[in-house]
Amino acid sequence: NNNNNNNNNNNNNEPSIQWNKIKAISDSESLRTMENFQEEMRVEIEKYKDEYKQLMCLEWKDKEMKTTNSKCRQDDHEWGVRSKLTEKELLSIQINSADILFHPKHVYDFDIYLHELLTRAHSMNETFQTEMRSIFKDCQGCTFEEGPIKTHDRCKLKAQVDYKHERYPKSAHIIDIIRCQVTFTNVSQLVYGLNHFLHVMSSPPTPQQTKKFKVVRFKNGFFESGTSINNNNNNNNNNNKMTDAIPIPIPKEYKDVKMNILFMNNNQSIVTEVQFLLKTMSNFKLKAHPFYELARQHSFMTDTFKVIQELSFDIQLQIASFYAFDMANLMLFFPRQFASSSFIRESLDFGGGNFMIQMANSSQVKFGYAKALLHSNMFIPRDIVQTQLMRPDLIGVYPLMLALWKQSSIPCIQLFVPIDPDQARELWNKLDEDDHSCIEFGVRNIRVNLLLMLKLLKDNIRDEDRWQTLIQTCDKRQRGTPLISAINCQPELSEFAIESLIPINYKENYSFWELKASSRGAERNLLHFVFFKSLPNVWARLQLLSKYVPQQSWERLTISTDTVQSWFFFMREKKEMERENNNDNKKNFCFI
């Protein structure tokens, strides 16, 4: 590259080398895919030249049918989904509304009308798919596939973007909510399938039947090349490759045939879409789609690159908020900026937390990008990462502690463990200023299986005496133990979990079982917490706890009140549960 020196001097003004590498690989693979596809199509066309000519010239003539470029609508037919309110009526509502921010036309079009259209689609989809499948059941080399009904969000976006200049209601222009596709092995079978389908569509119904289908729009993606079939000068005037046997241009992009079909049943109608695919084209589309998406993203990023540059990298990093897609874009386009970022190196949040603490405290972090960011030394320098991992916030909380609480997997948590084994051992055994241990933080995590979490904790806190001390340590704020936190947070408990969180002398340690922890301004005992949240398996929890809680402590817990409510708390809860006819919850009180 002759511009290497210039690039080195203008790193901040050029897309990063990481993105360029990926784009270069994508372009190379895309070109190779295209060449393979064109070779397959050349063989296909030469083998079925007559049928391919027919395909290129295929049209569908109908007086009432929309032209290729016409806009079909769901309210064209008398049985279609029609708006119950006119634009004028909605404008009158808006004028007379006291809320100047209320836009009834927008609400009606993209929510009410669209919901009615989707409801119609869901009610008619099964019948439509059954009818379509039966039409193609005797076609050779044919694979029929039902398409999923478009979601409301996807339809709304399409109506607002693709049809923003169309007449009201714009949602009526969405004519592919119900869809299916038929893939044919070769050109000959595709032409036969198209002719067969059009014959069925045009056939009059029997006296006992009513007409169910009507082609309202026909779009032949192959047709644009039809005029050049017999033009011997194509090789000179056109960049398209030609077949050796006949002067037919070989397609260099995906093509198919689409028909929009008006489906009528039980005095209701909806416009649907049927796609006719050639297998070679279908395979090419699947292989080329990732490259297309990458090219589209590159185009978008190139267009917005200047805008992004107007904002500092640190601001972009804060906007990303650790979301994987946005973080990946920053890593691709600005990898060198991470090393010099003042936000990463120096900034602290309101609690005194550095960048590692902020990252550990975010549940949006994904392992893939986080591993590269923290441990590859290509982005944030390793010494910065390791230094910040050993720095707590203002109340003594370390990144590892928050990772144990907030991260969604064990590998993600392990990213926040220092490389130095002595430093790692020190952190695993630390308490913050409120006497919260790593065990306490870990048992609060509901995204990671509790058994896996306890195994991770035990593997790293190997001193049994220290483990016993930590599980019996009450934090200064709520005065609770890790066991109470597990009962309060975890949807499922097991014998292994209970046995890991209770002291060796649990049979005689009455104070451990009978302590009261603070919750919402009240002090509550162990059993209060069992009932306090609407967690599943309360009966199983009680049975499990009864195996370990000494009988004397159990008796005292059942008659112990919190500092706000009397023992009638249980009776009120019982009455509410009985009103709901919840037999399992009745068993809870019988058990107590």
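Student: How do the residues of the lining of the largest pocket divide into nonpolar, polar and charged?

Tutor: The model is a predicted one, and the values below are computed from it. The residues that line the largest pocket divide into seven nonpolar, five polar and 11 charged. The space in this pocket comes to about 650 Å³, and of the 23 residues that line the pocket, Tyr254, Phe284, Lys285, Ala288 and Tyr292 are the closest to its centre. Helix 9 (279–310) gives the largest share of the lining, nine residues, while helix 2 (17–47) is, like helix 9, an element that supplies at least two residues.

By class, the lining of the largest cavity has six nonpolar residues, one polar residue and no charged residues, whereas the lining of the largest pocket includes 11 charged residues.

From the spaces we can turn to the packing of helices. Two packed helices are described by the angle between their axes and the distance between the axes. Helix 5 (residues 104–136) packs with helix 6 (residues 152–161) at an angle of about 130°, and their axes are 11 Å apart. Helix 5 and helix 6 are therefore oblique to each other, and helix 5 passes helix 6 in a right-handed crossing. On the side of helix 5 the contact involves His106, Phe110, Asp111, Leu114, His115 and Leu118, which meet His152, Cys155, Lys156, Ala159 and Gln160 in helix 6. The residues of this contact of helix 5 with helix 6 divide into five nonpolar, four polar and two charged.

Helix 5 also packs with helix 7, here at an angle of about 125° and with the axes 10 Å apart. That angle makes helix 5 oblique to helix 7, and the crossing of helix 5 and helix 7 is right-handed. Met132, Ile135 and Phe136 of helix 5 make the contact with Gly193, His196, Phe197, Val200 and Met201 of helix 7. By class, the contact of helix 5 with helix 7 has six nonpolar, two polar and no charged residues, while the contact of helix 5 with helix 6 includes two charged residues.

Helix 7 (residues 187–202) has a further partner in helix 3 (residues 49–57), and this pair packs at an angle of about 45°, with the axes 9 Å apart. That makes helix 3 oblique to helix 7, although the crossing of helix 3 and helix 7 is left-handed, whereas the crossing of helix 5 and helix 7 is right-handed. In the contact of helix 3 with helix 7, Glu51, Tyr52, Gln54 and Leu55 in helix 3 meet Val187, Ser188, Leu190, Val191 and Leu194 in helix 7. The residues of the contact of helix 3 with helix 7 divide into six nonpolar, two polar and one charged.

Two details of the backbone remain. A cis peptide bond, with omega of about -10°, joins Tyr168 and Pro169, and Pro169 lies in the loop between helix 6 and strand 2 (179–184). Asn266, a residue other than glycine, has a positive phi, near 55°, and the place of Asn266 is in the loop between strand 4 (257–265) and strand 5 (268–278).

To return to the part you asked about, the lining of the largest pocket has 11 charged residues beside seven nonpolar and five polar ones, and Lys285 is one of the residues closest to the centre of the pocket.

Terms used. Residues numbered from 1 in each chain as written. Predicted model: local features only at pLDDT ≥ 70, side-chain atom pairs only at ≥ 80, totals over all residues. Heavy atoms only, no water. Nonpolar A, V, L, I, M, F, W, Y, C, P; charged D, E, K, R; others polar. Axes fitted to C-alpha atoms, helices over the stretch in contact; angles between N-to-C directions. Helix = DSSP H or I, 4+ residues; strand = E, 2+ residues; numbered from the N terminus. Parallel < 35°, antiparallel > 145°, perpendicular 65-115°, else oblique. Left-handed = near helix turned anticlockwise from the far one by under 90°. Contact = heavy atoms within 4.5 Å. 1 Å grid on protein atoms, 1.4 Å probe; cavity = no way out; pocket = protein on both sides within 12 Å on 5 of 7 lines; lining within 4 Å. Points joined across faces, edges and corners; volume = space filled by probe spheres on them.
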